[in-house]
Amino acid sequence: MAIPVIDFSKLNGEERAKTMAQIANGCEEWGFFQLINHGIPEELLERVKKVASEFYKLEREENFKKSTSVKLLSDLAEKKDSEKQEYVDWEDVITLLDDNEWPEKTPGFRETMAEYRRELKKLAERMMEVMDENLGLPKGYIKKALNGGDGEGAFFGTKVSHYPPCPHPELVKGLRAHTDAGGVILLFQDDKVGGLQMLKDGQWIDVQPLPNAIVINTGDQIEVLSNGRYKSCWHRVLATPDGNRRSIASFYNPSFKATICPAPQLVEKQDQQVDDTYPKFVFGDYMSVYAEQKFLPKEPRFRAVRAM
């Protein structure tokens, strides 16, 4: 079983209805799908790969070798028992925002990643319009909900991660299983080195590497806004003995001040009991809960934020 691969360019032609249906299926039945012909220039994607790899070599690799993850795994391997490393991930990661400090030593990194982020944000907003249409919501509904109104208040972050070769992949995860807290996630993953898996019908399925595709997955806030039509999906990254897996994930998340609740058009019964539906909450409150419970089941997070 492979996750859906969708040709995004066909939204503009005779196969628009079929493509809309494929995206609806990807959102409703999977929570994960891959976009090809998504409109982001291949030349830009090739530059992103180049600067990301050079950045890791130049600015991150030596520090990772001295990291807590490496030390804990080495200690665990020496014990030679069945214990696993449950609380640390085999991952090197930085987060890029419009207003935080960016790496300076890698030539072309800042310019390339700023251009990439602009393109990804536009793609996220196009994807949200498709979701609006498929859900029967007014155009711009999801974007407005995530922005907390008509402005540009949404949080847009990009995680640049590497998962280096691991000497004991049986003892640690690259990234532990979780759902994403936010809205729409756009992932540019490694062309060759696999490891990302999603959970479907109780089975872990590989998200197959596909050169220059963008993987879309829906976060917890899309689940709430869609009143459960689009579920956020559990996923994880396996540590691997070979290859340094590159992963660049961009998150279009609500403003911390945004109020999130199911779209009224999608709440079928107005007399629906409170316990049967998703709560109304401020996203910043949800993130306070998520920070403590990221790797735990999501349903208690919704209950906790309802009680705030």
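This is a predicted model: local features need pLDDT of at least 70, side-chain atom pairs count only at pLDDT 80 or more; totals for chains, interfaces and linings use all residues.
**Exercise 1. Work out what lines the second largest pocket, by residue and by class.**

Step 1: start with the space, which is about 240 Å³ in the second largest pocket.
Step 2: find the centre. There are 13 lining residues, and the closest to the centre are Phe-8, Leu-11, Asn-12, Arg-126 and Val-130.
Step 3: sort the lining by class, and you get three nonpolar, five polar and five charged residues.
Step 4: look for the main contributor. Helix H4 (residues 109-135) gives the largest share, four residues.

**Exercise 2. Now describe the largest pocket and the elements that line it.**

Step 1: the largest pocket holds about 490 Å³ of space.
Step 2: its lining has 30 residues, and Lys-159, His-178, Asp-180, Phe-251 and Lys-294 are the closest to its centre.
Step 3: go through the elements. Two or more lining residues come from each of strands E4 (155-163), E5 (173-178), E6 (184-189), E10 (235-238) and E11 (245-253), and from helix H7 (283-293). E4 has the largest share, with six residues.
Step 4: by class, the lining has 15 nonpolar, 10 polar and five charged residues.
Step 5: check the record. An unreviewed UniProt entry annotates residues 150-254 as "domain: Fe2OG dioxygenase". Over that stretch the chain is 46% strand and 6% helix, with its end C-alpha atoms 13 Å apart.

**Exercise 3. Decide how the buried residues of helix H3 are arranged around its axis.**

Step 1: check the length. H3 (residues 68-79) has 12 residues and spans 17 Å from first C-alpha to last, close to the expected 16 Å.
Step 2: pick out the buried residues, meaning those under 20% relative accessible area. In H3 they are Ser-69, Leu-73, Leu-76 and Ala-77.
Step 3: look down the axis. The buried residues of H3 fall within an arc of 100°, so they line one face of the helix.
Step 4: turn to the other side of H3, where Thr-68, Lys-71 and Glu-78 are exposed.

**Exercise 4. Locate Asn-212 and Asn-227, and say whether each is buried or exposed.**

Step 1: read the backbone. Asn-212 has a positive phi, near 65°, and Asn-227 has a positive phi near 55°; neither is a glycine.
Step 2: Asn-212 is in the loop between strands E8 (203-206) and E9 (214-218), while Asn-227 is in the loop between helix H6 (220-225) and E10.
Step 3: apply the 20% cut-off for buried. Asn-212 is buried, at 5% relative accessible area, and Asn-227 is buried too, at 17%.

Definitions and conventions
Residues are numbered from 1 along each chain as its sequence is written. Side-chain values use heavy atoms; hydrogens and water are left out. On a 1 Å grid over the protein atoms alone, a cavity is a set of points where a 1.4 Å probe fits but cannot get out, and a pocket is an open set with protein on both sides within 12 Å along at least five of seven lines; lining residues have an atom within 4 Å of a point. Grid points are joined across faces, edges and corners, and a volume is the space filled by probe spheres set on the points. Ala, Val, Leu, Ile, Met, Phe, Trp, Tyr, Cys and Pro count as nonpolar, Asp, Glu, Lys and Arg as charged, and the others, Gly among them, as polar. UniProt positions are given in the numbering used here, feature names are shortened, and annotations may be inferred rather than shown by experiment. The expected span of a helix is 1.5 Å times one less than its number of residues. Buried means under 20% relative accessible area, exposed over 50%, partly exposed in between (1.4 Å probe, protein chains only). The arc is that of the directions from the helix axis to the C-beta atoms.
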